[in-house]
Amino acid sequence: MKDFYISDCARHENKIVTSTFVVVSKQIKPKKTGEPYLALTLGDRSGQVEAKMWDNVEEVLEAFEQDDFLKIKGLINKYKQRFQLTIHKLRKLGDSEIEYDDYLPKTTKNIDELWQTLAGFISTLQNPHLKTLVQGFMADPEIAAAYRNAPAAKTLHHAYIGGLLDHVVSLFRSCDLMCQNYPQINRDLLLTGAFFHDIGKIHELTYNRSFSYTTKGQLLGHMIIELEMLQTKLALQAGFPDELKTMIEHLIISHHGQYDFGSPKLPMFPEALMLHYLDDLDSKMEAMRAQFEREAGLDSPWTSYNSSLARPLLNTEKFLAPKKPAPTEDPAAALDSELDESPDPTPTLPGIEPRR
């Protein structure tokens, strides 16, 4: 197990550390002199950090690639209020040196319990067509294994093993609550949309070493993949109403809510609109939680800039916590301090600065 994780940066600022990381991204860039330097994004299960290697770069340029594991010695410091690692030495790890659990973040929740919670919600569906369809997906061993392990995103939210399932269960709970407040909502349709809205992530993302996109994911995106998966299963289910099929497809392709966010259609019926807003809410709340967790060691209640939310965040728990009282000065100690003060500095002649 590693001794140093990226989440430990605040405790090791301006210190030399030696640890192992997975290479999330690798770029070779030119210095002003024209010589190359390495710009890396390194990861472990606690997060990611930007890293630069300035010296002796030619020796290691071809020694590793993205998704390889490295042992690195370097300096932890801050640049523009963000931690970075200045690399002094590195080498590629051999397979026998790699403990994969050190590098990919994983949900702290029990996967089996989350899966059972999801199955419990599906068992309450009243529409037999929707219930049979979703249960058919859950009964598929390949889909079920991937659904239980896939992240919900590469970086933005629920970016950890089990993140997709964690996100969907959270979304189901919100959907269930909102249906109690808006009885006109078709609960079966809304929950079905929640189940399918991100299922394509199991083929869009790869997560063996680091979180990245598959070729299919890059070329098609998860919505197109979801439509393909839906068509395959519906071909095995005779008598599925065309109207329901069209509505599920719309729930899938509209759940991002805006054209700018990748939705080819805007939500056009109540369940689609609710799915979009609840999905967006759940992803943003998780993004905030993760940011607070990453920066728990910082004293300030304000976080660094969050690029996905385009703002810094205020941690209300820190902000509202009782302030530590300033230490009171002991009068006797103050007197001793005055007695220990050095003699007055040597007076200077007019116009002549004292030596510093």
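Is Lys2 buried or exposed? Lys2 counts as buried, at 9% relative accessibility; the term buried applies under 20% relative accessible area, exposed over 50%, and partly exposed in between (1.4 Å probe, protein chains only). The structure is a predicted model, in which local features need pLDDT of at least 70, side-chain atom pairs count only at pLDDT 80 or more, and totals for chains, interfaces and linings use all residues. Residues are numbered from 1 along each chain as its sequence is written, and side-chain values use heavy atoms, with hydrogens and water left out.

Side chains of opposite charge can pair when their charged atoms come close. Lys2 forms such a salt bridge with Asp44, and their closest N and O atoms are 3.3 Å apart. Lys2 lies in the segment before strand 1 (15-30) and Asp44 in strand 2 (residues 36-44), so the pair ties together parts that are 42 residues apart in sequence. Helices (H or I, at least four residues) and strands (E, at least two) are DSSP runs, numbered from the N terminus. Asp44 is buried, with a relative accessible area of 2%.

The structure holds 17 salt bridges, each being a side-chain nitrogen of Lys or Arg within 4 Å of a carboxyl oxygen of Asp or Glu. In one of them, Arg45 meets Asp102 at 3.9 Å, N to O. Arg45 lies in the loop between strand 2 and strand 3 (47-53), and Asp102 in the loop between strand 5 (82-92) and helix 1 (111-123), so this pair ties together parts that are 57 residues apart in sequence. Arg45 is partly exposed, at 34% relative accessibility, whereas Asp102 is buried, with a relative accessible area of 4%.

The helices may be considered next. Two packed helices are described by the angle between their axes and the distance between the axes. Helix 9 (residues 242-254) and helix 10 (residues 270-294) pack at an angle of about 30°, with axes 9 Å apart. The axes are lines fitted to C-alpha atoms, for helices over the stretch in contact, and angles run from 0 to 180 degrees between N-to-C directions. Helix 9 and helix 10 are therefore roughly parallel to each other, since angles under 35 degrees count as roughly parallel, over 145 as roughly antiparallel, 65 to 115 as roughly perpendicular and the rest as oblique.
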